[in-house]
Amino acid sequence: MSDKITVEELKNKISENIKKLSINVSQLAQMADVSNLEMLNIVHGNALPSIDTLRKLSEKLDIPLSCFFE
């Protein structure tokens, strides 16, 4: 197991949880106070979010922050 999370792993975890909540990327961006562009870049695997953005996403997706690092 690697000590680092990959962009692919992160985007998959976020996408899975978006589906569980039956929301879309724009709705999550709005809920988490993140720009649509940033959110799209994250879920398409083009960017890694900052820890602050991950914190916001974990809160809005109702999952522990640690879930992103498992």
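**Exercise 1. The segment after helix 4**

Does Asp-62 count as buried or exposed, and what is its relative accessibility?

Solution. The model under study is a predicted one.

Step 1. Asp-62 is located in the segment that follows helix 4 (51-61).

Step 2. The relative accessibility of Asp-62 is 70%. Exposed residues are those over 50%, so Asp-62 counts as exposed.

Step 3. The backbone of Asp-62 has a phi near 60°, which is a positive value in a residue other than glycine.

Step 4. Leu-65 is also placed in the segment after helix 4. With a relative accessibility of 31%, Leu-65 counts as partly exposed.

Step 5. Setting aside neighbours within four places in sequence, the contacts of Leu-65 are Ile-51, Leu-54, Arg-55 and Ser-58. For Leu-65 and Arg-55, the C-alpha to C-alpha distance is 6.1 Å, at a separation of 10 residues in sequence.

**Exercise 2. Helix 1 against helix 3**

Describe how helix 1 and helix 3 pack, and name the residues that meet.

Solution. 

Step 1. Two packed helices are described by the angle between their axes and the distance between those axes.

Step 2. For helix 1 (residues 7-21) and helix 3 (residues 36-43), the angle is about 110° and the axes are 8 Å apart.

Step 3. Angles of 65 to 115 degrees count as roughly perpendicular; helix 1 and helix 3 are therefore roughly perpendicular to each other.

Step 4. Helix 1 contributes Lys-11, Ile-14, Ser-15 and Ile-18, which meet Met-39, Ile-42 and Val-43 of helix 3. Sorted by class, the contact of helix 1 with helix 3 has 5 nonpolar, 1 polar and 1 charged residues.

**Exercise 3. The buried face of helix 3**

Which residues of helix 3 are buried, and why do they line one face of the helix?

Solution. 

Step 1. Met-39, Ile-42 and Val-43 are the buried residues of helix 3.

Step 2. Viewed down the axis of helix 3, these buried residues fall within an arc of 90°, so they line one face of the helix.

Step 3. The buried residues of helix 3 pack against helix 1, helix 2 and helix 4.

**Exercise 4. Salt bridges**

How many salt bridges does the structure hold, and which residues do shared partners join into one network?

Solution. 

Step 1. Side chains of opposite charge can pair when their charged atoms come close. The structure holds 4 salt bridges.

Step 2. One of them links the side chains of Arg-55 and Asp-52, at 2.6 Å from N to O. Both Arg-55 and Asp-52 lie in helix 4, 3 residues apart, about one turn of the helix.

Step 3. Asp-52 also forms a salt bridge with Lys-56, where the closest N and O atoms are 3.8 Å apart. Asp-52 and Lys-56 are 4 residues apart in helix 4, again about one turn.

Step 4. Arg-55 has a relative accessible area of 39% and is partly exposed. Asp-52, at 35%, counts as partly exposed, and Lys-56 counts as partly exposed at 22%.

Step 5. Through shared partners, salt bridges join Asp-52, Arg-55 and Lys-56 into one network.

Step 6. Another salt bridge pairs Glu-59 with Lys-60, with the closest N and O atoms 3.6 Å apart. Lys-60 is partly exposed, its relative accessible area being 31%.

Definitions and conventions: Residues numbered from 1 in each chain as written. Predicted model: local features only at pLDDT ≥ 70, side-chain atom pairs only at ≥ 80, totals over all residues. Heavy atoms only, no water. Axes fitted to C-alpha atoms, helices over the stretch in contact; angles between N-to-C directions. Helix = DSSP H or I, 4+ residues; strand = E, 2+ residues; numbered from the N terminus. Parallel < 35°, antiparallel > 145°, perpendicular 65-115°, else oblique. Contact = heavy atoms within 4.5 Å. Nonpolar A, V, L, I, M, F, W, Y, C, P; charged D, E, K, R; others polar. Buried < 20%, exposed > 50% of the residue type's maximum accessible area, 1.4 Å probe, protein only. Arc of directions from axis to C-beta.
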